[in-house]
Every structure is written in structure tokens, then in C-alpha cells.
Amino acid sequence: MSIFYRGAGVDTYWHLNNPTEIGFTARAPEVAPTTVRLIQHISRGTNNSPFISLSISYAVARDYALLSSLEIPTPSKPAYVYEIEFQNPLPSGIKVLDPVKEVAQTLPLPPTIGPAYQHDGSQEFLLGVVNPRNMGHFLMQHSQQPPLGEGTPRPPNLSLELETLVRALRDAEILVYGTIPATCVVNCFDVYVDMPLLE
Amino acid sequence: MKHIVDNVNKLELTFKTIDLEGRVPSTDAIEFLSVEEPYREGRRYSPFVRVRYALNGVKQDKAFPMDVDKGIFLSIDDDALEEKLRKIAPKIVEILNSIPEIGQVYDQTWSVDKEIDFKVPISNNPDIVSVHGPLLGLYYNWIKDDGILEIKGKPSRQTSGEFTIIVKKRNQETKKSVSFEII
């Protein structure tokens, strides 16, 4: 048995439509579930995705519910965190994917000629990827090269794959391909922001 | 299915407002007014913000939620609207990233005649950093590469007071006041 969570902000689709009646469906279930689509889904948030995002973390799902709301959730109009439980074997027609593993298995082995997924910046570069809002200056640092090897000054390389790995780990994210049956949605937690004050 | 109210995991937030008026191009009938950033215990909380807007000149109660890390709007079910907002998102991220931030500073309790020495994290690489307040021999050092402001000095004989940290980047200024008490 595995338990996952999904946040639904106030007045968003899964707040207005009850997944305990209709299950969870992807925005574009007809699209083929390729790794390229998976990468786009996580790093670019494309609507044209056949995947449904869940999180292993209740805290992440709660923050999605609270802060992806169109209105600030209150006790009288809360956001929701759905608890989704999968038994073994999985319901027919669905696949549960760990995006980190899915991306990792497509990465080239080191001798491959071509761009690497790794960055070529300092050890602090990853801090900028993880937290661009507070540490974005690390993304802009000059990518140092060996003496006599300098080319056009540029920031370090950030591949879509590395960005996807970081974002998936940020959200403890798990993807589902296929419709999640209503019977798998076992609980709904009402969540709200405590005493919000606008400054 | 029963709804279970989560009264256990309290999340108290305040929202800091950043004015957008005139800084982001309007799209059709939508005018972008401001960004609300959630703060918890004085620190920025989560990569999500809310973008307030006016529709046909009328300020809306609802807001567009946005994931600033990813530079995308969230929860937009209308594909045509989502497409329009997608072009606006990088401009909002750029504005947010231009605002220098002062990290958590707790109010201070110091002893008379003892030199104080503490460090404050500063993000987004401000152009100007300054500290003002009643500290004897006030010395501050902005270590740009580490994003750290080091402050040293001796409290004057006042029993309590306040000093202010000011950071500026282009036309954006952020201030934080820190209260202190001498024991």
C-alpha cells in the first residue's frame, strides 16, 4: 500500500470537481507519456500533459493547496489536500512513475560525446537552481574554464534534465499516468491560512 | 467521503505586497496590479506568490497563483488564458528577482561595553548596503560573494534602541529595523 497527496487550491479545478466521484484525470490523457513530456510537465508546467502530479509529502501538497488557491483559504472556505491510496496490485490502466528514476535512466553515460546533464559551475551553482528566488545570483556566476581555455564569458550550463530532477525532488513528486479511480481517494483534509494579514 | 479539518498544522502567514502597476504589460482585459508574497515569521515562505489583477478595470478578489521557481502560473484551467499568462510570467519573475532581500534578523539583547558581531544574509546582490543606528564604532562589511552582511560595534549607553539595515538595487529599496536591548 502506498499513500500520496495532492493539493487543490480554492476555486481550482479539483476544488470545484470532486475526485471522490470522478477520480483524477490528466489535462491531456491522450498524449503519449514520453520522458520528454514528463520533463516538460515538471520543469515547464505544460498543460498539454498526460500526467497527474502527486506528492509523497503532505506538507508539499498542503502548500500547493494553500498557495495555489485563487482566493486565500479560510476556515469557512478551505483548500483541500486529497489523500490517495494505491493497493498492490495497482488499479488497471494506471502507472505510477518516479520522475527522478525516469529521467535518470535516459541520461547518457560519461564517455558520451555531447552536452552533459551536469552543470559546469561552482559547487554553489546548485543552490541557485534549488532556490532561485533567494540564491539566484549563483546561477549568474561566470563559468570558470582552465587557463588559456577561456571562451565567451557565460553562466554555467543548466540542463532541462538537471532542472527537472531538482524540481521533482523539491516537491517529492510522483507522477501517475492514467485515470486514478475515485475509490483510491480515501481522505480529504480541509486546510486554510491561519489569520492572514495583508501588509 | 468525510472532510477532515486540519487544525493541527497551523500555518500563519502574512503577505508582502509588491506593486506591479505599469511595470508589466496588460493582456487584453487583464491589468496586473501587484504581487503578494507569503511570509512566515519574517521570512519568505514557499516559491509561490499571488498575482492580483484587474479585469476590464475592476480589481478582482481572486488572484493568479504563480510558482516563481518555475516561472509559471498555476491552476489556470483556461488554455487560452494560460497561453497569454505564460508570456507575462518571466517579466514578473524578473521584477521579483530585482528586489534585494534582508534575511532573518532577530531582535538583539546585548551587554554594555561588549562588542557585538553578527551576520545577516542578504539576497539578490544589492548595489548598496548600509547600516544606521546608535552603535559606537559601527562597522559593517558587505561580503558580496557570500551574500553576508557582517555588523560590528558596541552598544552605546542607551538601554534600548533600534538600528536599520538598508539595501538598494536600482530603484528598489528594502529596509529592516532591528530592536536591541542592553542588559
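**The interface between chains A and B**

Across the interface of chain B and chain A, 6 salt bridges turn up, a salt bridge being a side-chain nitrogen of Lys or Arg within 4 Å of a carboxyl oxygen of Asp or Glu. One of the salt bridges in the model pairs the side chains of A:Arg170 and B:Asp69, at 3.0 Å from N to O. The model is predicted, so local features need pLDDT of at least 70 and side-chain atom pairs pLDDT 80 or more, while totals for chains, interfaces and linings use all residues. Side-chain values rest on heavy atoms, without hydrogens and water.

As for polar contacts, 26 residue pairs link chain B and chain A, both residues at pLDDT 80 or more; such a contact is a pair of N or O atoms within 3.5 Å, where within protein one must be able to donate a hydrogen and the other to accept it, and residues adjacent in sequence count only if both atoms are side-chain atoms.

Contact (heavy atoms within 4.5 Å) takes in 48 residues of chain B and 48 residues of chain A. Putting the two together buries about 4,300 Å², with carbon and sulfur atoms giving 49%; this is accessible area (1.4 Å probe) lost by the two parts, summed over both. On the chain B side, B:Met1, B:Asp69 and B:Lys70 lose the most area to chain A, together 16% of what that side buries.

Strands come into it too: β6 of chain A (residues 185-191) runs parallel to β1(B), joined to it by 3 bridges, and strands here are DSSP runs (E, at least two residues) numbered from the N terminus. Within this pairing, B:Ile4 in β1(B) is the bridge partner of A:Phe189.

Definitions and conventions. Residues numbered from 1 in each chain as written. Chains lettered and ligands numbered in written order. Pairing = 2+ DSSP bridges. Helix = DSSP H or I, 4+ residues; strand = E, 2+ residues; numbered from the N terminus.
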